[in-house]
Amino acid sequence: MIMKDDMHDEVVEQPTSKFQCEMNALKNTDGSAFYSQGETSVMVAVYGPGDLKETKQEIDKALVEVDFRPKLGSPTVNEKYLERFVQGVCENAIMLSLHPRTAFAIIVQIMQDQGSLLSCAINAVCVALQDAGVSMKYLPVAVTVALKKESESEIEDATDVLIINPAIKEECESFSILTFVFDSVNKNLLCTHSQGPLLPKQHERCLKAAKEATEEVLKFFRDSVTQKVAAGLEL
Amino acid sequence: MEDIFKHIQPVEYYKSFLKENIRPDTRTLQQIRKTTLNVGPITTADGSALVKIGDTMVMCGVKAELTQPTAEEPKKGIIVPNLDLPALCSSKFKPGPPNTQAQVGTKFLDNLMKIANLVNPEDLCIVPDKLVWVLYCDVTCLNYDGCVIDAAVIALVAALRSVSLPSVTLNEETDTPVTNVNEKTPLTINCLPVAYSFSFFESDHIITDPTLSEEDITSGCLTIVSDEHENLLLVDRPGGVSITEAQLEICIQRSFKRTKEVHKLYKAVHKQSGSNDQT
């Protein structure tokens, strides 16, 4: 579906497939979520706050350990790299000072990677943390944006197509892929991961589009939690 | 007395300096430490560079070897970057397998090489499907005092720029490579990226070029890699306190200025390879 914003004459492609989420998918964890964005799906389990060896404990706050598991094979350097992003987001979103000398273990299992993996994983972690009832300062919301050249033109300008949460085919055709994570309260930038040569004004354009896209994700979070609570009440 | 305060309450100690808009090492919030680049310190390597940003010291050595290409990419050579943060560079790291930070740094350098197309892998092909060059780029940190990624990128680019590969032909009969060491061609580097790191103290202050002690108390290290045409190649910020777009914009503008300064270094060193140069 291609939307044209008459005021700014922008061309933005919206994904036709939606978000799906199942909270409390795993019974033995403190919190879990099966989250999918388009064709990409991720299963997250959260344990915490849990016990930790005395040598590893921090006296004033909790630790966050993230484990990224690929669909096939053992974790490699690529997974370690993505873990760093998830850990950074969680360390700031969770109120760590409420649980000193403990640790949160977050396990992310990639079920299917068909584009926008990092934003899918961060959103899934956010939902799992909500399921676990962990106190957070805000909800981290992630969006992936890709820029694709419309035609074979030399000028890198407004003719570039901006795709929100691209699928893997669209990612391969794009010259730049950016993932942004915003906080739900002030909509300020928490985390960014951008790859691909682009001009600062293209970066600004992507940032703006990503910010607007967070509304849809937040609404989806709210609907999921409402559903979960409503189902509980019926029983 | 000052030492005790610094160890017991590092955040308060730092805040007392920030009130005067200065940092414990007498730099302003925007000032970068002195950067030194030295090319060719390792004579046994095909290319090498040593970079110092303040006390942070990073060395890069490039070794070129011949190998068979992969079946998926028969016309492309292979470039293998590796960032090593050994136990000797800081008490933070214990001896043993590569720690998380080193692995993340390695992946960062690998991403950067692919996005910037630093060295075109097809340039490294000698005979398609039979013989290609493989460049092992080992970046080792010798002293860790913050901003290792910035130094690593400069070292990697400078070391690759100093590499000259001998001409190689494949002897058809014996199927062995024949190297002519007297005919050397320098490697073509397509891009000169420069990385610049910022950290944020409590969402208010932007700290450029943080040292190790500053990295520990600030959060959310933002690394911006840009090239000489003011293109943003990589913008990485693995989480931290929330920042506004205005602050991000300031960081981007500062990184362009820094790129121009480091480019003077690259140019000066390239003119007289094997000599020291400072900025």
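Is B:Phe17 buried, partly exposed or exposed, and what is its relative accessibility? B:Phe17 counts as partly exposed, because its relative accessibility is 21%; buried means under 20%, exposed over 50% and partly exposed in between, with a 1.4 Å probe and protein chains only.

Before going on, a word on what you're looking at. This is a predicted model, where local features need pLDDT of at least 70 and side-chain atom pairs count only at pLDDT 80 or more, while totals for chains, interfaces and linings use all residues. Residues are numbered from 1 along each chain as its sequence is written, chains are lettered from A and ligands numbered from 1 in the order in which they are written, and side-chain values use heavy atoms, with hydrogens and water left out.

Back to the rings. Searching the whole structure turns up 10 aromatic pairs over all chains. One of them is B:Phe5 with B:Tyr13, edge-to-face at 5.9 Å centre to centre and 85° between the planes. (Rings of Phe, Tyr and Trp, taking its six-membered ring, pair if their centres lie within 6.5 Å; planes under 30 degrees apart are stacked, over 60 edge-to-face, the rest tilted.) B:Tyr13 also pairs with B:Phe17: the centres are 5.1 Å apart and the planes at 65°, so this pair is edge-to-face. B:Tyr13 counts as buried at 8% relative accessibility, and B:Phe5 as partly exposed at 34%. Both B:Tyr13 and B:Phe17 belong to helix H2 (residues 10-18) of chain B, 4 residues apart, or about one turn. Helices (H or I, at least four residues) and strands (E, at least two) are DSSP runs numbered from the N terminus.

Over in chain A, ring pairs join A:Phe19, A:Tyr35, A:Phe220 and A:Phe221 into a cluster.

Now for a pocket. The second largest pocket is lined by 28 residues, with A:Leu82, A:Glu171, A:Ile177, A:His193 and A:Gln195 nearest its centre. Elements giving two or more residues to this lining include helix H1 (77-93) and strand E11 (189-198) of chain A, together with helix H3 (100-116) of chain B. On a 1 Å grid over the protein atoms alone, a pocket is an open set of points where a 1.4 Å probe fits, with protein on both sides within 12 Å along at least five of seven lines; lining residues have an atom within 4 Å of a point.
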